[in-house]
Amino acid sequence: MTGDTTFSPTNRALSFTIEEGSQNSEQLLEDENNDLGNDCEQLFEIDGNEPESERDDTSDQFFEIDSNDNENDRGDINEQLFDIQGNDHEMSRNDDTVIDGQNGGSQEKVYPQPVVGLEFDSYDDAYNYYNCYAKELGFAIRVKSSWTKRNSKEKRGAVLCCNCEGFKTIKEANSRKKETRTGCLAMIRLRLVESNRWRVDEVKLEHNHLFDPERAQNSKSHKKMDSGAKRKMEPTLDVEVRTIKLYRTPGADIVGYGSSNSYEGESNSYVDVSKRLKLKQGDARAIYKYFSRVQLTDPNFFYVNDLSDEGHLRNVFWIDSRSRAAYSYFGDVVAFDTTCLSNNYEIPLVAFVGVNHHGQTILLGCGLLADETVETYIWLFRAWLTCMSGRPPQTIITNQCKAMHSAIVEVFPRAHHRLCTSHVVQSILENMEALQDYEAFQMILSRTVYDSLKADEFESGWEDMIQRFGIRNHEFLQTLYEDRERWGPAYSKDTCFAGMPDFQNGESTRPYFDGHIHQRTSLEEFFELYDFVLENKRQEEARNDLESRDLNPILRTRCYYELQLSKFYTKDVFRKFQHEVAMMSSCFSITQVHTNGPIVTYMIKEREGEEILRGVRNFEVMYDKAGAEVRCMCSCLNLNGYLCRHALCILNYNGVEEIPFQYIFSRWRKDFKRLYVPDLGCNNVDITNPVQWFDHLYRRAMQVVQEGMISQDHYMVSWQAFKESLNKVRLVADKQV
């Protein structure tokens, strides 16, 4: 039996009892792990309270089922690995006893490769199985680690690994003993589940070394394998079916993950399908292929999966390295896009979206969700927060959803949670379409929501509106009004929105994948176009960077503020600011209304519209002469990230020749160097840990690459530095020979 042999129903030494599920399928975690209020690291405690070292390489924890198989052998995994229908009558007892390893020429027993979901009656059974499997392939195993229940010595979980796992310590490296460790990652993770059974939770099949059966035979794990243990693992003639159980439902797409609609009439009483990600045939394979491929090209690609106790996939989250790095620059405001969920798309996609230095939306992570419960959102937000080094956004914008709000309060307690104003207004209009004077209602609603500068203005305007149209007792409007502080712009003057259009009249953030996916788009189609969409967005950002760098705009005024910020702002942001400078001409009649030491409050008037008989609005602006600080009640600075026309007029009125630099935010600057390399921690590197060597060297090398892409001169200097560094490293290697 070779390392890439696929265990199929016609080539096995063990039979599997296929059950429809477990009554505990709704259980999220072991009881002691249900406290989601702990810090975000608890997200990964699916296996219990194992030490931190046991959570290594989370991104390899899923879809490692048949990674050694040829592509053609991954066709229908349901048929390859298990007999889903349980056609026991088609097999004779001889099929369950002795299998010929070489076309009938050998009587050596064949142990199937491990898969997620295998269950054993005891820990010893599980250990002996993996030991027998390893012996046949030609490698040895050892217990990498194990853990016990709280306040108990009872074993709760363990990781069995290839004995070539890891590397020598510094002390061991000085010994004359032959080096046998290669950093091999092959392993299985076991966990004690309900009914005191042991289940395989994670599998890694790939070895980075050749098998050595002779050396393996002399290893400790195989020497202590007694005949009783071997007999216990091998079926005999009078045993029809072994008790290694894989809990899954009929029509499962890939080893119990997700579900299919192919067996709607089948009994499914023990499994709550609503708690599982709805996958169709081929969907799981599409996820597996994409994640496997990206991990080869993007070492800092991160993904994590939420599995039920029965091994069913519930939720998925992933993010690439560039998005993780971009969050360090543009993570102040994040919109959580649930368009696909709310519009019943075939793919249950959610996306974290930010705004870059051009005002262009950027992707900050994606997820696939089984449902919209509080528990699901908590899991997702914790997963996202974990890969962002525990740094939450200042503001998070979502649609209205009680479960989502509860999860945000739990995971992001200090963040400002705001609802998308444009979506709220749209939902009101959709519910009021039957009104007789609908057009007048639409105009008054828009004016009340977007033109109210203070909370009391909004509340009096709302009262007049519901009184005029006789809708005071409308339940939907009452519910929204009670929640007005989370969606009314008048209540969010101190909240940072960094140019997110969701709080401006008639504008909203377009879904990141808008125009690329529709209601019938399948997961397989989505992952085929996913990289294409990201690449197009990033090329657009690169073009905007180039245009902004070479920008020599035509100035619209003689105001120095315009010339000053043309040297700093990116192209699109400067055009928006340029409009504010031009609109300074509509402001007049500056009046000092209050003084408190160095702080002066002014009232400034502005003409509205372009008609001859234009209305006039008053704006209150506070100015601190000591610190050259200015604040306008229109809150343009928090909303858009740059000063408004009213504040500019007050600065000019007080003889401030240049805009103070505290108001030129780095997030909009074209001269600010952004290196899209994740900062995954400090520079303290464990010199005995090769994984940390790689992470540290990779981050530093990518910084040089990013700098080298600025110009041809930068490229030549970077290339020369790489060559010199490589020569120095080779000199060290030559000295050690």
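Leu643 is in contact (heavy atoms within 4.5 Å) with Phe577, Glu580, Val630, Cys636, Leu637, Leu648, Leu651, Ile659 and Tyr663, leaving aside residues up to four places away in sequence. The model is a predicted one, in which local features need pLDDT of at least 70 and side-chain atom pairs count only at pLDDT 80 or more, while totals for chains, interfaces and linings use all residues. Residues are numbered from 1 along each chain as its sequence is written, and side-chain values use heavy atoms, with hydrogens and water left out.

Leu643 also belongs to the largest nonpolar core, which has 46 residues; Tyr561, Tyr569, Phe577, Val630, Leu643, Leu648 and Ile659 have the most contacts inside this core. A nonpolar core is a set of buried Ala, Val, Leu, Ile, Met, Phe, Trp, Tyr and Cys residues joined through side-chain atoms within 4.5 Å, where buried means under 20% relative accessible area (1.4 Å probe, protein chains only). Elements giving two or more residues to the core include helix H17 (560-566), helix H18 (571-582), strand S18 (629-632) and helix H20 (645-653). Helices (H or I, at least four residues) and strands (E, at least two) are DSSP runs numbered from the N terminus. H20 supplies the largest share of the core, five residues. Another core, of 36 residues, lies apart from this one and has Tyr327, Leu341, Ala383 and Val411 among its members.

Helix H7 (residues 283-297) has 15 residues and should span 21 Å at 1.5 Å a residue; the end C-alpha atoms are 22 Å apart, which agrees. The expected span is 1.5 Å times one less than the number of residues. Buried residues of H7 include Ile287, Tyr288, Tyr290, Phe291 and Val294.

The structure holds 49 aromatic pairs, defined as rings of Phe, Tyr and Trp (its six-membered ring) with centres within 6.5 Å; planes under 30 degrees apart count as stacked, over 60 as edge-to-face and the rest as tilted. Tyr123 and Tyr127 form a tilted pair, 6.4 Å centre to centre with 40° between the planes. Both residues lie in helix H2 (residues 123-137), four residues apart, about one turn of the helix. Tyr123 counts as buried because its relative accessibility is 14%, and Tyr127 because its value is 11%. The rings of Phe301 and Tyr303 have centres 6.0 Å apart and planes at 40°, so this pair is also tilted. Phe301 and Tyr303 are both buried, and both belong to one aromatic cluster that includes Tyr290, Phe291, Trp318 and Tyr512.

Notes
Buried means under 20% relative accessible area, exposed over 50%, partly exposed in between (1.4 Å probe, protein chains only).
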